[in-house]
Amino acid sequence: LDAAASTGAVAYEWDFDGDGAVDLRTEVPQVRRFFDRDGTHPVTLTAIDAAGARTSVTHAVAVSLAPVSARRTLATSLGGDRVLAGGTLSVTVTLAVNQAASGLGLAETVPAGWRARPLDDGGALFKRAGDQLQWLWPQSLRRGEVLTVRYELDVPEAAARGWVRLDGSVSSFSPERFNLSVHSLNGVEVL
């Protein structure tokens, strides 16, 4: 979704489900959003200028399901998307198969200097490749199957404080080739 046409805005508030509550606040006008179901969804954007003036607009967004939906959730002792330097972050990635697929792969990038420990491979073949954790399900997967992997990340004591991006992708070569991002807040704040 892109709000770059809004002039003078310094912040953006997004309501993705039409319930009137802000689902995401950003300082950049572009966002990527995962929807759990296809159909038409009302999305409200509120642009906020430097003086605090607010302008809102609502548009209906047509959504079709990707072949696989991928969602990353985080768990920390602080809750939400915050972790202490020297602490541990638990990561769960859930893949929902929306159409039959073969050779499904998941790759998660580990931030530089952080240590990763796989906990549950979700029935996949697992390997480390440089700064990535990779899982492969070589078997044919049916629509409706749900796969879950879990791993922990140890944050170094010396980690820089601030926002650290977490990246991942899911891919397949059959029946159609695709490479999709794993949906989440896309990072964690190191305190």
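Two residues are said to be in contact when heavy atoms of each lie within 4.5 Å of one another. With this term in hand, the predicted model shown above can be explored, beginning at a single residue.

Asparagine 98 lies in the loop between β7 (88-97) and β8. Its relative accessible area is 17%, and because buried means under 20%, asparagine 98 counts as buried. When neighbours within four places in sequence are left aside, asparagine 98 is in contact with Leu65, Ala66, Pro67, Val68, Ser69 and Arg143. With serine 69, the side chain of asparagine 98 also forms a polar contact of 2.8 Å.

The interior may be considered next. In soluble globular proteins, nonpolar side chains tend to be buried together. The largest nonpolar core in this model has 32 residues, of which Leu95, Leu104, Trp114, Trp137 and Leu153 touch the most other members. Two or more residues of this core come from each of β5 (68-75), β7, β8, β11, β12 (146-154) and β16 (187-190), and β7 gives the most, with 5 residues. Beyond its neighbours within four places in sequence, leucine 95 has contacts that include Val68, Leu104, Trp137 and Val170. Another core, of 12 residues, lies apart from the largest one; among its members are Ala9, Val31, Phe35 and Leu45.

Finally, the second largest pocket has a volume of about 220 Å³. Its lining consists of 14 residues, with Gly105, Leu106, Gln134, Trp135 and Leu136 nearest the centre. By type, the lining comprises 8 nonpolar, 5 polar and 1 charged residues.

Key. Residues numbered from 1 in each chain as written. Predicted model: local features only at pLDDT ≥ 70, side-chain atom pairs only at ≥ 80, totals over all residues. Heavy atoms only, no water. 1 Å grid on protein atoms, 1.4 Å probe; cavity = no way out; pocket = protein on both sides within 12 Å on 5 of 7 lines; lining within 4 Å. Points joined across faces, edges and corners; volume = space filled by probe spheres on them. Nonpolar A, V, L, I, M, F, W, Y, C, P; charged D, E, K, R; others polar. Helix = DSSP H or I, 4+ residues; strand = E, 2+ residues; numbered from the N terminus. Buried < 20%, exposed > 50% of the residue type's maximum accessible area, 1.4 Å probe, protein only. Polar contact = N/O pair within 3.5 Å; in protein donor to acceptor, adjacent residues only side chain to side chain. Core = buried A, V, L, I, M, F, W, Y, C linked by side-chain atoms within 4.5 Å.
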